[in-house]
Amino acid sequence: MVYKNFGKTGIQMSALGFGAMRLPMRGEEGKKEIDDDLAIPMMHRAFDLGVNYIDTAPYYCDKLSEAAVGRALKGRSEKIYVSTKNPIENDSPSDWLKRLETSLKNLDMSYIDFYHFWGIKLESFKHWQTLTDGPIQAAERAKREGLIKHLSFSFHDDATNLREIVDSGLFESVLIQYNLLDRSNEDNLAYAKEKGLGVVIMGPVGGGKLGAPSELIRGLLKEKPASTAEMAMRFVLANPNADVSLSGMSTLAQVEENAKIAAKDSHLTAAELTQITKMLEENQKLAELYCTSCDYCKPCPQDINIPHLFGIMNTHRVYELTEHAISLYNDTMRGTAWTKSASPQNCTKCGICEKNCPQNLPIIKQLQETHETLYRA
């Protein structure tokens with residue numbers, strides 16, 4: 001395993017982190033539990049292969065992930081750094097502390113190594129800074145009392161908003177989205193690193209998107225990697241500003257594969273990175289020919305989320321991640337996907353979207369093409 005200096009913490013952190021958000025489950029809906037016969041050996045194997053950072057959260061795996069991580073750590077002699085999160089549901093410092101105490105109880109630990117302000121936005125953070133006694137003050141007290149070793153934050157806001165949070169000086173590490181298909185935070189990784197924060201990457205395989213086969217993405221290198229997922233992991237691991245690549249693993253095979261990749265001393269040459277970046281930029285331009293996601297077509301009177309559906313279509317058409325595109329599109333049509341949209345079949349051809357589109361795209365036609373290509377009855 002390769003280890004890197006983790007910000008100014010003095011910790012040598014493994015290049016691969018274990019994301020405990022997709023642990024194997026068993027049982028019926030509403031009565032599910034973590035399958036310890038599979039989950040615990042998976043985590044133990046990761047630790048044995050040198051992984052020393054594990055990330056969980058109160059709501060992962062039907063709110064059972066934290067306790068499973070706690071069970072996996074029992075009896076382990078090596079130091080494993082544990083990360084979990086506080087959703088900060090209100091401004092109350094006492095409620096903030098109660099959520100921390102619940103996580104400590106679930107994990108069966110006396111302190112948490114890296115405790116995150118979960119998915120914060122700059123607007124919310126600036127509001128907390130105005131409070132005389134709120135989440136920030138509660139976090140600082142908990143750290144002084146030894147309940148937390150390091151304060152962290154996870155970030156899903158617009159990329160332009162990260163630097164002000166970093167500059168607050170409150171945090172020692174950041175958990176941030178970055179992968180082959182989403183490089184919007186690339187400059188932010190460098191900035192956080194420069195300011196002395198440990199940088200953990202979430203979504204290195206795009207939330208599973210880049211786990212689907214794509215000859216186009218594998219073909220970014222002359223010597224093709226074994227899988228699209230390997231290509232995605234190598235891209236993230238090659239970034240010198242990424243300390244830990246966090247992978248949500250659900251099988252022992254994934255643990256073995258990711259640990260093998262992370263154990264490499266080098267992942268991509270400068271020439272390969274230049275080639276990949278150039279091809280990705282060309283693909284992005286191609287995707288923008290179909291839709292730039294400017295949102296001028298919204299709102300649709302029929303609640304069709306046009307940019308979202310076109311984004312799924314680009315996953316198939318531009319990046320050849322067809323299996324993932326079909327799966328996500330049909331989840332969206334069933335209403336089970338995170339982002340909602342009505343079916344293109346609901347389109348009345350009113351033309352409002354096309355009138356407002358600055359690219360003059362034939363949106364009505366493209367919506368029907370998207371549905372015909374990706375929908376599975």
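1. In this predicted model, N185 is buried, since its relative accessible area of 5% falls under the 20% cut-off. The residue belongs to the loop that runs between strand 10 (173-177) and helix 8 (186-194).

2. Apart from neighbours within four places in sequence, N185 is in contact with F155, A159, I176 and Q177. With Q177 there is also a polar approach, in which a polar atom of the N185 side chain lies 3.2 Å from the backbone oxygen of Q177.

3. Helix 6 (residues 135-144) has P135, I136, Q137, A138, A139 and A142 as its buried residues. The cover over these buried residues includes helix 4 (93-107), strand 8 (112-120), helix 5 (122-130) and strand 9 (148-155). After helix 6 comes G146, for which phi is positive, near 85°.

4. Helix 1 (residues 36-48) and helix 11 (residues 252-262) pack with their axes 9 Å apart and at an angle of about 15°. Angles under 35 degrees count as roughly parallel, and the two helices, helix 1 and helix 11, are therefore roughly parallel to each other. The crossing in which helix 1 passes helix 11 is right-handed.

5. As for the residues at this packing, P41, M42, R45 and A46 of helix 1 meet L252, V255 and E256 of helix 11. Sorted by class, the contact of helix 1 with helix 11 comprises five nonpolar and two charged residues, with no polar ones.

Notes. Residues are numbered from 1 along each chain as its sequence is written. This is a predicted model: local features need pLDDT of at least 70, side-chain atom pairs count only at pLDDT 80 or more; totals for chains, interfaces and linings use all residues. Side-chain values use heavy atoms; hydrogens and water are left out. Axes are lines fitted to C-alpha atoms, for helices over the stretch in contact, and angles run from 0 to 180 degrees between N-to-C directions. Helices (H or I, at least four residues) and strands (E, at least two) are DSSP runs, numbered from the N terminus. Angles under 35 degrees count as roughly parallel, over 145 as roughly antiparallel, 65 to 115 as roughly perpendicular and the rest as oblique. A crossing is left-handed if the near helix is turned anticlockwise from the far one by less than a right angle, and right-handed if clockwise. Contact means heavy atoms within 4.5 Å. Ala, Val, Leu, Ile, Met, Phe, Trp, Tyr, Cys and Pro count as nonpolar, Asp, Glu, Lys and Arg as charged, and the others, Gly among them, as polar. Buried means under 20% relative accessible area, exposed over 50%, partly exposed in between (1.4 Å probe, protein chains only). A polar contact is a pair of N or O atoms within 3.5 Å; within protein, one must be able to donate a hydrogen and the other to accept it, and residues adjacent in sequence count only if both atoms are side-chain atoms.
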